[in-house]
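Subject: Structure for your review

Dear colleague,

Please find the structure below, followed by notes on what turned up when I went through it. I would be glad if you read the notes with the model open beside you.

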Amino acid sequence: MPSIFELCQPREDVLAGRVRDEELVADLRAVVNGTAPKEYNDPATFFGHTYPTRGLKSLLEAVCRRVSGAGGELNSVIRLDTQYGGGKTHALVALVHAVRGMKGVDQPGTFVDPALLPQPGAVRLAALDGENADPTNGLTLEPDLKAYTLWGEMAYRLAGREGFARLAESDAKHVAPGAETIAELFGGQPALILIDEISAYLRKTAAANPAAAGQFTAFIHALIKAVTSTPGAALVSTLAVRADSGEASDAYQSEQQAAAQAFAEAFAEAESIVSRTLLQLDPTEEDETVNVLRRRLFDTVDEARARKVVDEYAGIWERNREHLPADASSAEVRDQFVKGYPFHPETLGVMVEKLSSLANFQRTRGMLRLLVRTVKRLWETRPSDAHAIHPHHIDLTHGPIREELTTRLRQQGYSAALSADVGAESGRDKAVAQQIDAERFAGLPPITSYVARTVFLHTLAYGNSAKGLTAEHLRYSVTSPAIEPAIVDEARKAFAEKALYLDDRPGAPLRFQVEPNLNQIIQREMQEVDAAEVRARLDDTIRRLFTAKQGGFNLEAFPGGPHEVPDEVGNGRPYLVVLHYDAHPLDTSPDHLPSDLIRMATVKGVRDEPRLFRNNAVFLVADAPHTNEMKSRMRRRLAVERIRNSDRTQELAEYQQNQINEQYRKLESDVAQAIHHCYRHLYFPSGAPIAPGQAKLNHTTVDIPSASEAIGKAQEYIKRALRNQKKLLASGDNPDAPVYVRDQTLLKTRGEISTLELRNEFRKSPNLSILLDDEPLVQCIKDGIEQDVFIYREGEQLWGKGDPPPAIRLTSDAYVHTMANAKEKGLWPRKPPEPEPEPVSDHVERGTEAPYRPGGGAVPGGAPTGAASPPLAPMLSAEGAMRQALQELFEQAQGRNVKALRSMTFRVFNASDARLVQKGLAACRNAEIRTEVTAALTGEGFEEFHVHFKGSFKEANSLYSNLDAWIRRSEDFDYKATHTLSFDPPLSTSKASADQFRDMLSKHGGGEVDIVAEQAVEEAS
């Protein structure tokens, strides 16, 4: 949709800023004397800027007919009635140029029939300006000649020194002349007397000579009688009263009323002499004001395309009619918009209905002065939403516009409200509306500023009942093709919550007050709240919001470093780690992982040991731009709490006390909402990380619809965010595919693993889902059995495809085998039972039957009846951190009465753990160590890198330094190291020997290992 910048072309002097105030203020005397600015002095320029209103054309025709002798005129005396600044003086200037022939004017017929124009110099002219009159000191006519009254000046203007001499006595004594004496001044020629600013003259005269003020009525009586009785003579006078009511409302109200009364009395007498003498005109009627403004401000307006813009506005008004004033979508408003484009109907409405009621606002002249500045500012800033000129496009932050509405109109009382709430001048702290726009409407037009400006303009009115506007009226004023009513309402509500000078009384219209409101009182109290108190209360609130009442994550709030982020199974629930908003806020793109976040996700403890359970924690990070708003809400909450709990509430009005209580209740949810706006960044372990490196973290955002839903339910929305990323599983969710789980865990390399180990694999691998409870894993194992991927074993009992579903237990003595591993070990398919020998008797010894598992299958390798099984050396196994695994292994040995171990095999599946294991094993002196290392790596610059080493532990040491460098460069790798220790003599499992061996190998931490030990043969046999 086109903007005003495409459809309208302002006049060059408007854009250039060359329109001076004096060019907008007509000085009648200066025009007559030829000393006025070109815009008034030059007839062509003057009429080029003037719109031919109905009143102006009627005035020119009536006067020109009278003074030219063309005949047909109906009136010889004309009174121009309009409000202050309504174009009266402008009309008198037009008369001066007209009776002088309108020299150089292009197409004068636009204003008056050229045949009616008198010849230049043919009409005697007396232009009397009450503002220039000087009843006390005398108005200088010539160096030695002064006039003290309007009639003295009139005599000089009409007949020179001779004419003044004729009335010198009347002028000196302030006594009005008679009608015949005045008629002598016309000298038998056409004459035009213009009287402007009568009120100013009357006020001056009353102060200089109170008794002489009453002579004005006598003067008007005589003047009207002289004019009406003299062919070719005409009188035009102005009064700042409404033509429809005759009431005056400006600063000279009493004087205007006195002048109006004088005219009324004079015409009552004149009408007994000649009928229809008086013509009362408004040179610029209200429906023509917009035409006057457009003519002066714009060279061209594309009317055809402008109509399409108005149609677009009309469509918006119609679609939203239930949210706007009843007449907003009427045909009358639409027609008014078409005629006045680019001005939105409200722009002129607020000036006519509100600003014009102020004593110092001159209607047409004041509008011009304000709009000249507005148009210039708009074409400088070119806002993209300016499809028409709304009231809110009057930029109150711009010095010249600000000056026009405060100092010139004497509304300085609202300066504090303007600076604090609406718009601060350049270089000052942002006003409330500007702050809201920056925080809530970034990237959009400054909607809150538009709301504040509109309310401010409607506040500038005479009389309390006229100040302000309704929410419906505001929506109508601000809504445009770029701004929907709903967002106007959102901005209005946000502004009302924070504005410091907005009238906060119940039921009050939207308007500003000179005195601060309750918000200002709260603001002052906020300054007294200590930052430490804000932080303490905010920290407590954050902890409360992110703690789950039932199920979910264990909360770990505000850790100081990796050592405060647990790396343990605990109660089986994963951890929600909330980083402190001051310590670790995110002030860049979410893809740039904070270094502290990387450390907490990858290492643990004070020594930065590798984190084992890296898939067991998610991290919630504050958004730096929203931290201040979160603190501000809490500070406000504390301030309101202080006021509410103090004796100061008694000093507040009752409605303000009610507001304090209401805000106290509401601010709880406001603080919660601010916290959730701030804590939206959620990082979780992932096989598809957002950044390269060891962190393996991905990012998502947590969206909470409202503060009421956030309180007590925050973890539910975190769970939902993780479920949307296919990262979190809980009861009822579809489990990960068994094949995928097999390939992402130790099952891939070991072939078998305890169900407890498998549960811990989910806690370790970022490639897997986070388990909120055990049910998805149990279901995954069951699915794997049905899909022929897994075999489940407890002791000597097996479950495979086709068997009744087992009751899966997650323990260290229940195992999951891959199908390949089960086949390799001869576990599956089950061997059929040996045929039973022919019975020798009806009696079978108890205990000789082949054992059977539930479901009917025999245990593979089950001994036939009567066969004796060979003794097997017990195999011991454990897994975990080096110290933990060795402790568990020796406890098994001691529990099974195993006295010594022949060998011990350490398997490592993480490269970062391998170096720690290597350091521990290097201290072992009583065993021969054989090492096997397999690694497959890929990375930038190399597609495949394979290593397979098999040899002595000592020779393997030279391999590690080179391999570590390649691993650091890799993006993905599979790694496995196996160290087999052979003890000769066997390793005693006594407590003293076991403790010494455990301490020796775990001196450097040890890393995570899988250990299998074999009993000494001698002992087993």
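**A strand covered on both faces**

Strand 6 is covered on both of its faces, with A191, I193 and I195 buried on one side and L192, L194 and D196 buried on the other. Here helices (H or I, at least four residues) and strands (E, at least two) are DSSP runs that are numbered from the N terminus, while buried stands for under 20% relative accessible area, exposed for over 50%, and partly exposed for what lies in between, with a 1.4 Å probe and protein chains only. Before going further, please note that this is a predicted model, in which local features need pLDDT of at least 70 and side-chain atom pairs count only at pLDDT 80 or more, whereas totals for chains, interfaces and linings use all residues. Residues are numbered from 1 along each chain as its sequence is written, and side-chain values use heavy atoms, with hydrogens and water left out.

Because six of the six residues of strand 6 (residues 191–196) are buried, the strand is largely enclosed by the rest of the structure. Strand 6 pairs with strand 3 (residues 124–129) in the parallel sense over six bridges, where two strands count as paired if DSSP finds at least two bridges between them. Within that pairing, A127 stands opposite L194. Strand 6 also runs parallel to strand 7 (residues 233–239), to which five bridges join it, and there A191 stands opposite A233.

**An open sheet and the helix across it**

Five strands, in the order 10-11-14-15-16, form an open sheet with mixed pairing. Strand 10 (554–557) and strand 16 stand at the edges with a single partner strand each, so one side of each is left without a neighbour in the sheet. Neighbouring strands of this sheet are turned by 25 degrees against each other on average, direction ignored; the axes are lines fitted to C-alpha atoms, for helices over the stretch in contact, and angles run from 0 to 180 degrees between N-to-C directions. Strand 11 (residues 575–578) and strand 14 (residues 617–621) run parallel and are joined by four bridges, with Y575 opposite A617. Helix 32 lies across strand 11, strand 14, strand 15 and strand 16, and runs at about 55 degrees to strand 15.

**Helix 26 and its surroundings**

In helix 26 (residues 518–526), the buried residues are L518, N519, Q520, I522, E525 and M526, and they pack against helix 25 (485–498), helix 29 (624–644) and helix 30 (654–678), contact being taken as heavy atoms within 4.5 Å. At the start of helix 26, a side-chain oxygen of N517 reaches to within 2.9 Å of the backbone nitrogen of N519.

**Backbone points to check**

K696 is found in the loop between strand 15 (681–685) and strand 16 (697–701) and is partly exposed, with a relative accessible area of 26%. K726 sits in the loop between helix 32 (714–724) and strand 17 (728–729), and at 71% relative accessibility K726 counts as exposed.

There are also cis peptide bonds: the one from W828 to P829 has omega near 0 degrees, and the one from D984 to P985 has omega near 5 degrees. P829 lies in the loop between helix 37 (819–824) and strand 23 (875–881), whereas P985 lies in strand 27 (residues 970–988).

With best wishes

Note on methods:
A polar contact is a pair of N or O atoms within 3.5 Å; within protein, one must be able to donate a hydrogen and the other to accept it, and residues adjacent in sequence count only if both atoms are side-chain atoms.
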